[in-house]
Amino acid sequence: MKIQIENFINIPYGLMVCGALLITACGGGGDDAPETPAPVETVATTTETTTEDPTPDPTPDPIPDPTSLDDLVVDADNKLESAYLLTIKIDKDSTQRGYFSLCDDYQTQADGYSVNFDSCLFRGPLNEGKLSREVKVANHESQLIAVIWFYEGQAPQYSQWQYRQDADSQVLTMN
């Protein structure tokens with residue numbers, strides 16, 4: 001019985017030793033190429049040198065596209081702001097109750113506009129036909145639609161507004 005147990009224990013050890021030998025024998029696997037490359041023949045060429053100054057290339061070297069934030073160049077007058085202030089000035093000669101909406105998701109259609117009123121950046125009531133407000137708008141919003149609704153069943157009034165690069169301040173006016 002003792003011999004059977006010793007044989008049983010020796011079998012796994014024997015397999016481990018054989019496996020280790022196989023693994024170490026199969027290492028490397030590189031090709032049989034020499035480690036140093038063969039020398040390359042070089043051909044000597046002669047060039048003529050001139051004493052004239054070469055003419056400068058009129059086109060400057062192109063500036064490569066930035067690949068990281070460190071490569072970006074920002075103008076000194078850039079404010080690096082993600083939003084701008086839009087001044088809303090509504091002055092209607094009306095005593096009717098009205099409501100103002102400023103939205104960014106709209107489409108022009110043949111008979112007017114289709115506005116997604118869930119996309120409104122600002123909503124507010126008119127006070128005797130007037131509204132004066134400043135709204136902060138994200139920089140990517142360059143076209144907006146302003147809508148004035150009147151409670152007495154009058155058709156809404158639409159006005160498209162577009163961001164002006166050359167303006168010092170952004171103003172939306174409806175009279």
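This note sets out selected features of the structure above in numbered points.

1. Basis of the note. The structure is a predicted model, in which local features need pLDDT of at least 70 and side-chain atom pairs count only at pLDDT 80 or more, while totals for chains, interfaces and linings use all residues. Residues are numbered from 1 along each chain as its sequence is written, and side-chain values use heavy atoms, with hydrogens and water left out.

2. The sheet. An open sheet with mixed pairing is formed by 3 strands in the order β6-β1-β9. Strands here are DSSP runs (E, at least two residues), numbered from the N terminus, and two strands pair if DSSP finds at least two bridges between them. Strands β6 and β9 (170-174) are the edge strands, each pairing on one side only. On average, neighbouring strands of this sheet are turned by 20° against each other, direction ignored; the axes are lines fitted to C-alpha atoms, and angles run from 0 to 180 degrees between N-to-C directions.

3. The pairing of β1 with β9. These two strands run parallel and are joined by 5 bridges. Ile90 has Met174 in β9 as its bridge partner. In general, strands of a sheet pair through backbone hydrogen bonds, either parallel or antiparallel.

4. The salt bridge. The whole structure contains 1 salt bridge, a term that denotes a side-chain nitrogen of Lys or Arg within 4 Å of a carboxyl oxygen of Asp or Glu. The partners are Asp91 and Lys130, at 3.0 Å from N to O. Asp91 belongs to strand β1 (residues 83-91) and Lys130 to strand β6 (residues 130-138), so the pair links distant parts of the chain, 39 residues apart. Asp91 is partly exposed at 35% relative accessible area, and Lys130 is likewise partly exposed at 41%. Buried means under 20% relative accessible area, exposed over 50%, and partly exposed in between (1.4 Å probe, protein chains only).

5. The disulfide. There is 1 disulfide in the structure, defined as a pair of cysteine sulfur atoms within 2.5 Å. Cys103 and Cys120 form this disulfide, with their sulfur atoms 2.1 Å apart. Cys103 lies in strand β2 (residues 98-103) and Cys120 in strand β5 (residues 120-126), 17 residues apart. Cys103 is buried at 0% relative accessible area, and Cys120 is buried at 17%.

6. A loop residue. Ser94 is found in the loop between β1 and β2 and is buried, at 17% relative accessibility. Apart from neighbours within four places in sequence, Ser94 contacts Glu128, Gly129 and Phe150, where contact means heavy atoms within 4.5 Å.

Notes:
Helix = DSSP H or I, 4+ residues; strand = E, 2+ residues; numbered from the N terminus.
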